[in-house]
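Here's a quick tour of the aromatic pairs, the nonpolar cores and one of the cavities. Have the viewer open as you read.

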Amino acid sequence: MKNRWKVAAALGSVAASMALVAPNLTTQAKTLPPLVVCTSPQGTYADNFNPFASGNLAGTFGNVYESLFYFDAVSGHTFDLLGTSFHFTNGNRTLVVNLRHNVKWTDGVPFTAKDVVFTFQQLKKYPDADANGVWQQLQSVQSNGNDEVIFTFKTPNVPFAEQYVLGSTPIVPEHQWAALGDPAKAHITWDKAIGTGPFIVSYFSPQDYKFKANPNYYLGAPKVPELDYPAFTSNQSADLALAEGQVQYGNLDIPNVQKTYVGVNPHNHYYFPPDNIVELYPNLSNPLLAIPNVREAISLAIDRQKLSVIGETGYEGVANPISLPLPNYKSWLDPTLPSSYLHFPPVNDAKAEQLLQAAGFKKDKNGIYAKGGKELSFNLEVVSGWSDWDEDCLLIQQDLAKIGIKVNIEQVTFGTYYSNIAPTASAHGVIPGKYDLAISWTNEGPTPYLQYYDLLDSNGSFNVEGFHDPQVDKLLNAFAQTTDLAEQKKIMYQIERIAAEKMPVIPLLVGAYWYEYNDSHYTGWPTKQNLWITPGPANTQSAAIVMQHLKPVQG
């Protein structure tokens, strides 16, 4: 089992009674300011606090609803939440979880093992809510009294069990959700969000929503009395608010951060570590994008260096064909990989057009390559106001126009964007959403397994493109069933080659993890020197732990 960071120890003793905590919280509310948070510009908000619904608001999962544990990819720490311990038996096919005794839902009803079993049974009953595909792996879930849950898997899959069953499934209250039907379609407004987390939703409007500290939180009431999430329509407006101190906790791409942010206030700090791969996702259910020559031509025409320097103002480097952020996963890299698997060739428009012609495409009267009357004309999805990705899309549009591919940029709200690209689970693997091309991220984990599983497995939770390859599925399954590091690396080397050779997605950049904070009022933030957890608020699970951990600055 991984190195365990005991959250109770990290976040302070809860020996004091709740009766003493609540009055203290009231006193703090009069003297301590709210913590203003911005994960990203999303335009106006929709009143959606359903952790199973696409487009739910930041903080829904983490601040309000919790998983049993949280496994942090940056630090490798395991944080005990609703669970206190777990162990595998029966050749790693059975997982036994021990739960906390002192947890209550925010309406006062005790939390028990029945809530955990109910949550997972609902995901089985309504597969559209099972975004992580846990029932592709699970065989059964049952309780043993009020404080123990037993998961049985069809086959051993330790990393999946930890990351998705224990670490990524929000637990909901049976006494409320039993009457709501399909969890993915339940209408949970701000006043109906009953969770176990460190904060409670206290206010909502399309321009702003807020949380108050949960005075009865089992790890102790947060010292931050209120969280405020104002809406921003663009990176520019959010950047300005962050620089001026109106936002104290951010996840933003700030141009010239040293001058425009750090230089204006000694309490402003940032750290942008490499985090994931920014991909151009092609919807492989589109018969044109399913053609390998089309994807390779697109890749050859994109000037990634321009994306890095102009779109990302130099903060993000060029990605590699194997879709892994380096140096994060350097120890997992196949030492025999040719350079062509680690570096993209220079832009080559002539070769890109040759690839299209070889696949049977000819330019039509509009100057666009077409075959069978179907033009290579695609919509490119991006979130309006995400200025760096908006600029990247413009650059891609210009690059592809040079080789006879037309791109129409669709700038939409975050909720619409995520709804469009989110894959749907099915018995035969995920089904891609309703889009042609989209810029988006990849999910990271403590090993490349989780990133590749989400990205490439037929049931991967962020297999946005809809890639299905039996060989990849078999390799990922083999990785999950062994604890032999040497064997795991041999398997990973094969997946790296397939990712580069088949190009199911088109890697663009090594995404930076944007993270800014102001320590005028609160201390305890993760730092470059002490990165004890994934730092920024975009990871809402780790952000909830960060904000529950913060303490007022003394004096």
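Aromatic rings pair up 41 times in this structure, which is a predicted model. Two of those pairs are set out below.

| Pair | Centre to centre | Angle between planes | Class |
|---|---|---|---|
| Tyr164 and Tyr453 | 6.0 Å | 45° | tilted |
| Phe272 and Trp514 | 4.9 Å | 90° | edge-to-face |

Take the tyrosines to start with. Tyrosine 164 sits in helix H5 (residues 158-166) and tyrosine 453 in helix H14 (residues 448-456), so the pair ties together distant parts of the chain, 289 residues apart. Both tyrosine 164 and tyrosine 453 are buried.

Why does the pair of phenylalanine 272 and tryptophan 514 count as edge-to-face? Its planes stand at 90°, and anything over 60 degrees goes into that class.

In soluble globular proteins, nonpolar side chains tend to be buried together. The largest core in this model takes in 151 residues, and Leu35, Leu68, Phe120, Phe151 and Leu166 have the most contacts inside it. There's also a second, separate core of 15 residues, with Val36, Cys38, Val247 and Ile254 among them.

What does leucine 35 touch, once its neighbours within four places in sequence are set aside? Its contacts include Val224, Leu227, Tyr249, Tyr522, Trp525, Met547 and Leu550. Glu226, Asp228 and Gln248 are in contact with leucine 35 as well.

Searching the whole structure turns up three cavities of 30 Å³ or more. The second largest cavity holds about 40 Å³. Its lining is made up of Asp130, Ala131, Gly133, Gln136, Ala425, Ser426, Val430 and Asn459. By type, that lining splits into three nonpolar residues, four polar and one charged.

Methods: Residues numbered from 1 in each chain as written. Predicted model: local features only at pLDDT ≥ 70, side-chain atom pairs only at ≥ 80, totals over all residues. Heavy atoms only, no water. 1 Å grid on protein atoms, 1.4 Å probe; cavity = no way out; pocket = protein on both sides within 12 Å on 5 of 7 lines; lining within 4 Å. Points joined across faces, edges and corners; volume = space filled by probe spheres on them. Nonpolar A, V, L, I, M, F, W, Y, C, P; charged D, E, K, R; others polar. Core = buried A, V, L, I, M, F, W, Y, C linked by side-chain atoms within 4.5 Å. Buried < 20%, exposed > 50% of the residue type's maximum accessible area, 1.4 Å probe, protein only. Contact = heavy atoms within 4.5 Å. Phe/Tyr/Trp six-rings, centres within 6.5 Å; stacked < 30°, edge-to-face > 60°. Helix = DSSP H or I, 4+ residues; strand = E, 2+ residues; numbered from the N terminus.
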